[in-house]
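Here are my notes on the model you sent.

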Amino acid sequence: MYPELGQRSLILNILEPAILIVMAMLCSIGNILICVAVYRNPRLRTSTNLYVIALAVSDLLNSSIVMSLAVGVLITGRWPYGEIICNLHAFFTLFSVYVSPTTMGLAAFNRYIRIVKSSRYPRIFTPFRSKVYIAAVWMFVAGYVAIPRLAGWTSYGFIPGYAVCTIIHPTDAVKIAHYCIVVSLFLVLPFTVAIVCYCKVFKTIKQHNVNMASTVQNAEHDGQISVREIKITKSLAIVVLAFGLCWIPFWIIAVLQRFTESVVPRNVQLLCTFLLFFSSTANPFIYAGTNEAFKAEFRRVLLCKMNDGIIRPVSSTGTRKTSTVRNEPYTTHF
């Protein structure tokens, strides 16, 4: 039993794991719904939604491995799983911390090309190339996490304040080099890319002054921006905002804990962990709240309704017209 965990009050002993259990369940259910929705609905199988799926998969890894093992720590007050599981847990903890912002930055660049440089979009973001971009980013992050550990430059260990296993630096020089790299590469760079891209995107949208009623049917053919593309962009921009609200405090706490002489209280360290977990939990609710296609598909999945693959828009007379998904001009299949 670690003092940081063993000295908790009865209320905290109950409340902390209960909160984490709820977050893990909501995160798992929400991100599974995203994957199922895209699988069931061909209209959601776009190149942009590949990045949404990638974020959902990384969040599922977070909930199924990182969160679930952390629940056991908060219940028992110790690391009960052994060294091998600690190494596995540390790898996925670090992987989820690094891969989510980089994937988010890649999604922002996708939106920039789609809205601002739309003529280049079909060439740069084909379905195959989009998969290659995601695979390359994920392999780079996995390599950055695994190679220093396998080479013996760093080690993994259990940090009671965070209630997770994570990286242990053998020297101050290694620690400084590590944080210079990860903060710049996995926080500053992707957030800067996202902010710059979305500023240019929304400036372009404002300049176009889109007539939503007239461009919905012709956006792909006349170069204008469709209402659907604007909604997708706003949804992903809100994800970036939510990331910022969670991840900037997360990194501030983490850096203070590693580099300052003052002791960061355990509750503050645990808040750091909870912010990471909350970010993964919030994403499906953002998609459902800002994207009508996801919201409708979530509703059909939860109500066990079959998706017949037919879109029936309401006509001006109030009747529903029938058109198959194959005729939808906006769908770029995976």
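**Notes on the predicted model**

1. The count comes to 2 cavities of 30 Å³ or more. Keep in mind that this is a predicted model. The points below take the cavities in turn.

2. How much space lies in the largest cavity? The volume is about 240 Å³. Its lining is made up of 18 residues. Those nearest the centre are Leu94, Tyr162, Thr166, Phe250 and Ala254.

3. Which elements supply at least two residues each to the lining of the largest cavity? They are helix 4 (83-115), strand 2 (164-168), helix 7, helix 10 (227-259) and helix 11 (266-290). By class, this lining holds 13 nonpolar, 4 polar and 1 charged residues.

4. The second largest cavity has about 40 Å³ of space. Lining this cavity are Asn49, Val52, Ile232, Ser235, Leu236, Tyr287, Asn291 and Phe294. Two or more of the lining residues come from each of helix 3 (47-76) and helix 10. Helix 10 gives the most, with 3 residues.

5. What classes of residue line the second largest cavity? There are 5 nonpolar and 3 polar residues, and no charged ones.

6. Now to a single residue. Phenylalanine 202 sits in helix 7, which spans residues 172-208. Is phenylalanine 202 buried, exposed or partly exposed? Its relative accessible area is 31%. Buried would need a value under 20%, and exposed one over 50%. Phenylalanine 202 therefore counts as partly exposed.

7. What does phenylalanine 202 touch, leaving aside neighbours within four places in sequence? The contacts are Thr233, Lys234 and Ala237.

8. Last, the whole chain. The secondary structure comes to 12 helices and 4 strands. Of the 334 residues, 50% count as buried. The chain exposes about 16,300 Å², and carbon and sulfur atoms supply 67% of that area.

9. How many of the contacts between residues at least 6 apart in sequence join residues at least 24 apart? The share is 75%.

Technical notes:
Residues numbered from 1 in each chain as written. Predicted model: local features only at pLDDT ≥ 70, side-chain atom pairs only at ≥ 80, totals over all residues. Heavy atoms only, no water. Buried < 20%, exposed > 50% of the residue type's maximum accessible area, 1.4 Å probe, protein only. Contact = heavy atoms within 4.5 Å. Areas by Shrake-Rupley, 256 points an atom, 1.4 Å probe, with all protein chains shown as cover. 1 Å grid on protein atoms, 1.4 Å probe; cavity = no way out; pocket = protein on both sides within 12 Å on 5 of 7 lines; lining within 4 Å. Points joined across faces, edges and corners; volume = space filled by probe spheres on them. Nonpolar A, V, L, I, M, F, W, Y, C, P; charged D, E, K, R; others polar.
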